[in-house]
Amino acid sequence: MDGHVDGNAIAGVMSDIFAFDVTTARARCRTCGAVAALAQDMVYGGEQGYVVRCLGCEDVLMVLVPEPNGMRMQMRGIAWLEVPRPV
Amino acid sequence: MVGWKVGVVAESRSETPSGRSIILEVPGWGGNIAGQHLDARVTAPDGYQAVRAYSIATSGDGDRIQLGVDRVQGGEVSPYLVDDLQVGDALEVKGPLGGWFVWKPEHTQSVQLIGGGSGVVPLMAMIRSHRATQSAVPFRLLYSARSEEHTFFRDELAQSSPALDVTLLYTRQAPDGWPRAAGRVTKEDLVATTFPADISPSVFVCGPTPFVEAVASTLVELGHHPLMVKTERFGG
């Protein structure tokens, strides 16, 4: 698949949703079980909406869509999210 | 929530035929770690807004930061930043962002930096942090640029620095007498000029997506652990 960047690119938009830097959190893919920091996963799209895909199997982990009242986040492909303990 | 802040352009300098470095004074910025980026937002007269991420070439405390921006043909934000933004102009920014692709002076592992084009910008922040803290951690930079004139921070990278080794490779046109013909980074280049996998260096690769994917997969082939190879892609 072409035209993607990576999870580093959504650090800004995610900072509106989470008070911590979620790109360093590790997520487990519900489809293949791969575990990676969100920064490592593949990100497609742009301000009109982001699709985050698993680095291992390319299945959808998470979708971010701007709605009139704010950003809607759907995390259908994530089995769990592990947030690093604050230093 | 990080929120938007208004920066003012303090200095601006042409770096390459398509790239510019911009020094911004951002009240309340409060410093950043080497390798972090920000989101820049520009608003058209009709209210249309566009947001893009840009790497920061500086680190440390303070409200003064330097961005390195390359003009993307047909882009919505970069042509404005490279061609139109003047000293004294305001620019909305959100950051610092990203805690993944970062280097801190307390890290002791040897560091291999690999940049393609303007992908050298966050790596420059790491080199400057390494230099400013007089770090003895062995640093190497492999920088792939189109040609000599397309090299960001050319003069600064030419200065010798203890514990830093710089290799420049050119993809389109090499200077006369350059030891290596122009061409993309190959496996042989990585073997010849970068830290080997057996010393387990921290590797940072930044550049256009195809560059990053090619380099990162070759590094893993050469035995680097995927978790030791941190990447940042900016499309292309």
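**View 1. Chain A holds one helix and eight strands.** Helices (H or I, at least four residues) and strands (E, at least two) are DSSP runs, numbered from the N terminus. Read from the N terminus, the order is β-α-β-β-β-β-β-β-β. The model is predicted: local features need pLDDT of at least 70, side-chain atom pairs count only at pLDDT 80 or more, and totals for chains, interfaces and linings use all residues. Residues are numbered from 1 along each chain as its sequence is written, chains are lettered from A in the order in which they are written, and side-chain values use heavy atoms, without hydrogens and water.

**View 2. Overall dimensions of chain A.** The C-alpha trace spans about 35 × 35 × 20 Å along its principal axes. The radius of gyration of chain A is 12 Å, which agrees with the value near 12 Å for a compact globule of 87 residues. That radius is taken over C-alpha atoms, and the globule rule is 2.2 Å times the number of residues to the power 0.38. Of the 87 residues, 46% are buried (under 20% relative accessible area, 1.4 Å probe, protein chains only).

**View 3. Thr23(A) sits in a loop of chain A.** The loop runs between helix H1 (11-14) and strand E2 (26-29). Thr23(A) counts as buried because its relative accessibility is 1%. Contact means heavy atoms within 4.5 Å. Beyond its neighbours within four places in sequence, Thr23(A) touches Gly7(A), Ile10(A), Ala11(A), Ala37(A), Leu38(A) and Ala39(A), among others. Its contacts also include Gly98(B) and Gly99(B).

**View 4. The largest nonpolar core has 29 residues.** Such a core is a set of buried Ala, Val, Leu, Ile, Met, Phe, Trp, Tyr and Cys residues joined through side-chain atoms within 4.5 Å. Those with the most contacts inside it are Leu113(B), Met126(B), Phe139(B), Leu141(B), Tyr143(B), Phe153(B) and Phe204(B). Two or more residues each come from strand E7 (111-116), helix H2 (120-132), strand E8 (139-147), strand E9 (164-173) and strand E10 (202-207) of chain B. H2(B) gives the largest share, seven residues. Another core lies apart from it, with 20 residues, among them Val9(B), Leu38(B), Tyr54(B) and Leu81(B).

**View 5. Surroundings of Phe204(B).** Neighbours within four places in sequence are left aside here. Phe204(B) is in contact with Phe101(B), Val102(B), Trp103(B), Val111(B), Gln112(B), Leu113(B) and Ile114(B), among others. Leu123(B), Met126(B) and Lys230(B) are also among its contacts.

Definitions and conventions. Buried means under 20% relative accessible area, exposed over 50%, partly exposed in between (1.4 Å probe, protein chains only).
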